[in-house]
Amino acid sequence: AQNQGALWATYFILAINVAVFVVMVGAIGSIDFSTHDVLAWGGDYGPAVFQGGEYWRLLTSTYVHFYPLHIGSNMLCLLIWGAVVERRIGGWWFALLYTVSGVAASFASVLYHPDVVGAGASGAIAGALGMMFAIRIRGEKSISLGNLIGNVGINIMFAFVEPQIDWMAHLAGLLAGVVLGLLPSVRTPRLL
């Protein structure tokens with residue numbers, strides 16, 4: 001049976017993302033933020049990370065967003081995919097998944113295009129999708145392969161239709177989720 005407990009990690013991560021956005025709106029006085037604003041609030045940027053030694057940006061950037069649709073779409077995916085994954089691996093593992101996938105996504109992003117200010121939870125959330133693939137690979141059939149492929153397809157489509165989407169961050173987050181999900185120490189209730 002699956003763990004039907006409260007989704008505390010998903011809700012906590014969502015609350016931090018929304019709180020940061022609301023505080024930014026109050027401090028900046030706008031709902032759309034410039035790259036300067038996002039950088040000031042913890043966005044990632046190659047020179048700041050590599051030359052400035054501000055490696056913390058690889059994590060903080062996963063809690064900063066540029067505009068309402070950016071945070072809205074990310075938080076919707078977090079709720080949907082987070083619920084599926086957290087119920088299977090538990091809150092602590094999900095918090096670790098978000099963090100590791102987010103840092104991997106940010107790192108890939110600043111390596112791929114170091115002169116672009118990046119931010120957003122999508123790379124970290126892609127880790128949840130990667131975890132679902134890993135859970136499926138490990139034998140849990142309740143996660144539909146067709147649904148997974150469809151979700152990845154939608155992500156790929158949006159990454160090429162919307163030039164602001166960082167497909168490299170999505171790919172790195174997805175791969176980090178798969179790798180974490182294949183670790184023997186990650187257990188899902190159906191696989192115990």
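The legends below describe close-up views of a predicted model.

**View 1. The largest nonpolar core of the predicted model holds 38 residues.** Val85, Ile89, Phe94, Leu97 and Met131 are the members that touch the most other members. Helices that each supply at least two residues of this core are α1 (8-28), α5 (68-89), α6 (91-112), α7 (122-137), α8 (145-161) and α9 (167-182). The largest share, nine residues, comes from α7.

**View 2. Helix α6 and its buried residues.** The 22 residues of α6 should span 32 Å at 1.5 Å a residue, and the end C-alpha atoms of α6 are 31 Å apart, which agrees. Gly91, Phe94, Leu97, Tyr98, Ser101, Gly102, Ala105, Ser106, Ala108, Ser109 and Val110 are buried in this helix. The elements that cover these buried residues include α1, α3 (46-51), α4 (57-60), α5, α7 and α9. Phe94 and Leu97 are also among the core members with the most contacts to other members.

**View 3. Trp8 and Trp92 form an aromatic pair.** The structure holds five aromatic pairs. In this one the ring centres of Trp8 and Trp92 are 4.8 Å apart and the planes stand at 65°; the pair is edge-to-face because an angle over 60 degrees counts as such. Trp8 belongs to helix α1 and Trp92 to helix α6, so the pair ties together parts that are 84 residues apart in sequence. Trp8 is partly exposed, with a relative accessible area of 38%, whereas Trp92 is exposed, at 69% relative accessibility.

**View 4. Tyr112 and Trp167 form an aromatic pair.** The centres of the two rings are 5.4 Å apart and their planes are at 70°, so this pair is edge-to-face. Tyr112 lies in helix α6 and Trp167 in helix α9, and the pair links distant parts of the chain, 55 residues apart. Tyr112 is partly exposed at 46% relative accessibility. Trp167 is partly exposed at 34% relative accessibility.

**View 5. Arg57 and Glu54 form a salt bridge.** Side chains of opposite charge can pair when their charged atoms come close. The closest N and O atoms of Arg57 and Glu54 are 2.6 Å apart, and the count of salt bridges in the model comes to one. Arg57 has 8% relative accessibility and counts as buried, because the limit for buried is under 20%. Glu54 is partly exposed, with a relative accessible area of 25%.

Key
Residues numbered from 1 in each chain as written. Predicted model: local features only at pLDDT ≥ 70, side-chain atom pairs only at ≥ 80, totals over all residues. Heavy atoms only, no water. Core = buried A, V, L, I, M, F, W, Y, C linked by side-chain atoms within 4.5 Å. Buried < 20%, exposed > 50% of the residue type's maximum accessible area, 1.4 Å probe, protein only. Helix = DSSP H or I, 4+ residues; strand = E, 2+ residues; numbered from the N terminus. Salt bridge = Lys/Arg side-chain N within 4 Å of Asp/Glu carboxyl O. Expected span 1.5 Å × (residues − 1). Contact = heavy atoms within 4.5 Å. Phe/Tyr/Trp six-rings, centres within 6.5 Å; stacked < 30°, edge-to-face > 60°.
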